[in-house]
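Please read these notes alongside the coordinates.

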Amino acid sequence: MKNRSALITGVTGQDGAHLAEILLEKGYEVHGVKRRTSTISTTRIDHLYREPQDEGSRFSLHYGDVTDSSNMIDLIRRIQPDEIYNLAAQSHVQVSFQTPVYSTQVNALGALNILEATRVLDLQNNIRFYQASSSEMFGASTPPQNEDTPFKPRSPYAVAKLYAYWMTINYREAYDMFAVNGILFNHEGPTRGETFVTRKITRAVARIFLGMQDCLYLGNLEALRDWGYARDYAEGMWLMLQQDTPRDYVLATGEAHTVREFVNVAFEEIGIRLNWEGIGEEELGIDARSGKCLVQIDPRYFRPTDVDSLIGDPARASAELGWRHQTGFKEMVRMMIETDIDLAQRERANGLSGP
Ligand code: NAP
Ligand code: F7E
């Protein structure tokens with residue numbers, strides 16, 4: 001019997017790598033789209049990759065870019081996957097203020113290019129489509145947020161994601177396509193990009209622990225986020241495409257913490273309790289024992305508009321998909337700190353101690 005097959009855009013990213021791993025474990029043939037970059041960007045998936053000529057290799061990579069509609073048509077025509085997961089994005093919210101047009105081309109039109117390629121190839125009834133929608137779309141809406149909460153986006157990133165969200169629904173309604181949105185709240189882990197706040201914190205805490213860095217510089221400490229573990233969420237993406245009826249789902253833990261709380265928990269992992277002194281841009285995080293300043297505010301990390309509070313209500317996913325997050329907040333922070341201590345030790349051994 002032929003294996004089920006999936007095409008993943010954004011396979012080199014945090015979620016793409018988790019999803020590829022999960023689908024391979026489930027017996028899928030997995031095709032990933034990777035961009036041509038000047039340096040290697042496949043570190044998260046290198047362990048999955050074997051030479052294409054290897055017998056039994058079910059994982060292949062294809063050069064591509066979701067902004068290139070001809071490339072999407074060509075890939076989908078050749079692969080004819082059972083499922084497409086569109087995870088490709090310029091995924092950094094702050095960067096989207098600096099690159100609004102580019103972020104829109106990738107995050108909004110990228111999704112349309114895939115949906116339209118599927119339609120023009122007349123494969124809309126053969127392929128199931130997952131769109132990586134985001135809790136950022138809720139923006140200024142009051143928490144807890146669920147599938148019925150109004151969207152009030154606060155960034156070019158969120159506005160572009162909303163375009164893709166509605167296009168996904170439009171293709172579902174207009175062409176009877178199995179196309180769904182996963183509205184995912186923040187999810188993190190040891191392979192999270194290093195400029196997102198959680199990983200930036202755990203990287204810095206690990207390096208401070210090893211004496212490789214003196215201070216961590218952050219922006220808005222009051223932002224409240226519902227942080228889960230990324231691998232749990234990748235399993236949820238797959239579940240959404242296995243249902244009888246296409247529907248959109250929120251995935252979240254239902255529990256939220258401020259950035260400041262994340263910092264406190266991360267430092268506690270290395271045995272440091274922080275006292276917070278001062279206010280606003282002058283606020284400092286001080287080591288309660290040594291009196292050393294370990295955290296400072298850098299206004300460069302403030303956004304023109306930020307999202308204050310995201311707390312998800314995953315009741316629909318729980319009732320209909322049987323999905324629930326498996327990894328708790330503190331467990332996830334611990335996992336990230338442990339991995340980052342290992343990484344920093346290796347960097348030091350290789351003479352890459354950094355600034
Ligand atoms: P990520 O680590 O930043 O990965 C993004 C992926 O998209 C990378 O593989 C990147 O390739 C690829 N990509 C960027 N531009 C592309 C283009 N033009 N064509 C093809 N590929 C492109 O993001 P993530 O955290 O895994 O998130 C996965 C998806 O879920 C994204 O769409 C994100 O917006 C969305 N999302 C994430 C979260 C979260 O908390 N993580 C929550 C809600 C929604 P390179 O490796 O070459 O850069
Ligand atoms: O910021 C504050 C920042 O960049 C979280 C993406 O995966 O999740 C992610 O978007 C909060 C914000 O994630 C720093 O202002 C303070 O309030 O880690 P982040 P995000 O913006 O929530 C959503 C669901 C996605 O869809 C996105 O793709 O932390 N913050 N100080 C900081 N943030 C960063 N990055 N760096 C700081 O120094």
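1. Start at the ligand. A backbone N or O atom of Gly-10 sits 3.3 Å from an oxygen atom of ligand 1. Bear in mind that this is a predicted model.

2. Tyr-157 places a polar side-chain atom 2.6 Å from an oxygen atom of the ligand. For Lys-161, the distance from a polar side-chain atom to an oxygen atom of ligand 1 is 2.8 Å.

3. Which residues come nearest to ligand 1? There are 23 residues around the ligand, and Thr-12, Asp-65, Ser-91, Tyr-157 and Lys-161 come nearest.

4. Next, helix 1 (residues 14-25) and helix 7 (residues 230-240). Their axes come within 9 Å and cross at roughly 60 degrees. Helix 1 is therefore oblique to helix 7. The crossing is right-handed.

5. Helix 1 contributes Gln-14, Asp-15, His-18, Leu-19, Glu-21, Ile-22, Leu-23 and Glu-25 to this contact. They meet Ala-230, Arg-231, Ala-234, Glu-235, Met-237 and Trp-238 of helix 7. By class, the contact holds 7 nonpolar, 2 polar and 5 charged residues.

6. Now helix 6 (residues 197-209) and helix 8 (residues 259-268). Their axes lie 10 Å apart, at an angle of about 30 degrees. The two helices are therefore roughly parallel. Helix 6 passes helix 8 in a crossing that is right-handed.

7. On the helix 6 side, the contact uses Val-197, Thr-198, Ile-201, Thr-202, Val-205 and Ile-208. Helix 8 supplies Val-259, Phe-262, Val-263, Ala-266 and Phe-267. This contact has 9 nonpolar and 2 polar residues, and no charged ones.

Notes. Residues are numbered from 1 along each chain as its sequence is written. Chains are lettered from A and ligands numbered from 1 in the order in which they are written. This is a predicted model: local features need pLDDT of at least 70, side-chain atom pairs count only at pLDDT 80 or more; totals for chains, interfaces and linings use all residues. Side-chain values use heavy atoms; hydrogens and water are left out. Axes are lines fitted to C-alpha atoms, for helices over the stretch in contact, and angles run from 0 to 180 degrees between N-to-C directions. Helices (H or I, at least four residues) and strands (E, at least two) are DSSP runs, numbered from the N terminus. Angles under 35 degrees count as roughly parallel, over 145 as roughly antiparallel, 65 to 115 as roughly perpendicular and the rest as oblique. A crossing is left-handed if the near helix is turned anticlockwise from the far one by less than a right angle, and right-handed if clockwise. Contact means heavy atoms within 4.5 Å. Ala, Val, Leu, Ile, Met, Phe, Trp, Tyr, Cys and Pro count as nonpolar, Asp, Glu, Lys and Arg as charged, and the others, Gly among them, as polar. A residue is near a molecule or strand if one of its heavy atoms lies within 4 Å of it. A polar contact is a pair of N or O atoms within 3.5 Å; within protein, one must be able to donate a hydrogen and the other to accept it, and residues adjacent in sequence count only if both atoms are side-chain atoms.
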